[in-house]
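The structure is shown here for reference.

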Amino acid sequence: MNSNDRRTVAVASFAHGLVHTYELTIPLLIPIWMTTFAVDTAMIGFVVTVGYVLFGLGALPSGILADNYDTRMLIAISVLGMGVGFVIISLAPSIFILTVGLIVWGGSASMYHPTGLSLISRTVSERGRGLAFHGVAGNVGTAVGPLLVSVLLLELSWRYAASLLVVPALLVGIVTLLVPIEKPARVSNGGVAVDSRDGFSIAEFGSSSKRLFARGFAVIFLLVVLEGLFYRGILTFLPDVFDTVITSKSAITPDLFRGTSQYLYSGLLLVGVFGQYVGGWLVDRVSPIRGLVVVFLGLAGVSAMFAAITNPSMWNLVPLSILLGVFLFGEQPLMQATVADYSSTDTRGLSYGYTYVGVFGVGALGATIAGYVLTRASFSWLFVVLAMLAVIAAIVSEGLRRGTTEV
């Protein structure tokens, strides 16, 4: 990558890491908020859901913005907005103000993925490598961010810890605005280069969406929904798996590991860094849609092995979880590259907007599905359901690959 590519990827990667640091830190604060504001699980669940729903659904209008305005400016607004959200959260005197803070955070965070991915896909020459580094940064934020916050909470009040999270947002926002990035002119369907758009209109949105879905994006949207259902379904309850096994009599040296499941979970998420790199490496060497077929089959196989476990222990859960992390996060660069392949340059932001509505918005139902299965059945049946989702995604991917080949 040249110097401009490196600057672009660095700006997007720092912002990406922050997005997921905030996303995965919120669950750590939920038990403390329940005590601080004297609310029950139902109330705090509703409050947090408001923020997460905006995180997903706000991606579509953010994608529209990414196709009409300077993506670097939008990234800076997103990062600084998340910081403002956590300022409000750290000072919240009531559950109502806490809700306001989460709304500000969710709305601001929703701006990132469509704009960051659009910036990389339009600017970086080695797209796959750029997406891989970008994904690795997200995984570092996912794993290391909450781990550091957990350590902070051992010594500091939650308000102080939340206020400290504002500092990196301020720094990254300022750096994003100051770092010079040279962007190529956008290219319309007619092949004419244009430097900017005149603005947004409902008619333009409808026309852009029609062009996007005419390129086969409806199938891509189904794929990202399946991805989201699997992602949220597994990550929401995998910590419970570790907590149950680590503190059970069947676990190896339970006293040594008791109460450390969140740290082990963070460590396993970090394995996704390797998966992200492998996925990005594959993007530049094989057809992304072909790679998706293989990865979804891998996820189905790992899920089936989880379901087949009859005597869970650290010896079988940890290796399988590491393998799961490689496949789960290795799929993301392949999916992002596939989205780019099925969208034109002038609808790239819109395509990523739809993508993250599917992954984080509709995909949030994965937690509901997983919770229902666990209530009615067992962890084994949950992995059976997840394996079925992965198999369906592999079949859809193969159908899309064959259709592309025949064109």
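The lining of the largest cavity is made up of 11 polar residues, 6 nonpolar residues and 1 charged residue. This is a predicted model, and the largest cavity in it has a volume of about 190 Å³. Of the 18 residues in its lining, His113, Gln332, Gln336, Tyr356 and Phe360 are the closest to its centre. Several helices take part in this lining: H1, H7, H10 (202–246), H15 (314–341) and H16 (348–361) each give two or more residues.

The structure holds 4 cavities of 30 Å³ or more. The second largest cavity has a volume of about 80 Å³. It is lined by 10 residues, and those closest to its centre are Leu238, Leu268, Leu269, Ser321 and Gly325. Helices H10, H12 (261–270) and H15 each supply two or more residues to this lining. H15 gives the most, with 5 residues. By class, the lining of the second largest cavity has 8 nonpolar and 2 polar residues, and no charged ones.

A pocket, unlike a cavity, is open. The second largest pocket has a volume of about 410 Å³. Its lining consists of 19 residues, and Gly17, Leu18, Thr21, Val140 and Gly141 lie nearest the centre of this pocket. Which helices each supply at least two residues of this lining? They are H1 (3–36), H7 (127–155) and H9 (166–178). H7 gives the most, with 8 residues. The lining of the second largest pocket has 14 nonpolar residues and 5 polar residues, with no charged residue.

H5 covers residues 95–109, which is 15 residues. From its first C-alpha to its last it reaches 21 Å, close to the 21 Å expected at 1.5 Å a residue. Which residues of H5 are buried? They are Leu98, Thr99, Gly101, Leu102, Trp105, Gly106, Ser108 and Ala109. Buried here means under 20% relative accessible area. An α-helix has 3.6 residues a turn, so residues three or four places apart point the same way. With that spacing in mind, the reader can follow Leu98, Leu102 and Trp105, which are among the buried residues of H5.

How values were computed:
Residues are numbered from 1 along each chain as its sequence is written. This is a predicted model: local features need pLDDT of at least 70, side-chain atom pairs count only at pLDDT 80 or more; totals for chains, interfaces and linings use all residues. Side-chain values use heavy atoms; hydrogens and water are left out. On a 1 Å grid over the protein atoms alone, a cavity is a set of points where a 1.4 Å probe fits but cannot get out, and a pocket is an open set with protein on both sides within 12 Å along at least five of seven lines; lining residues have an atom within 4 Å of a point. Grid points are joined across faces, edges and corners, and a volume is the space filled by probe spheres set on the points. Helices (H or I, at least four residues) and strands (E, at least two) are DSSP runs, numbered from the N terminus. Ala, Val, Leu, Ile, Met, Phe, Trp, Tyr, Cys and Pro count as nonpolar, Asp, Glu, Lys and Arg as charged, and the others, Gly among them, as polar. The expected span of a helix is 1.5 Å times one less than its number of residues. Buried means under 20% relative accessible area, exposed over 50%, partly exposed in between (1.4 Å probe, protein chains only).
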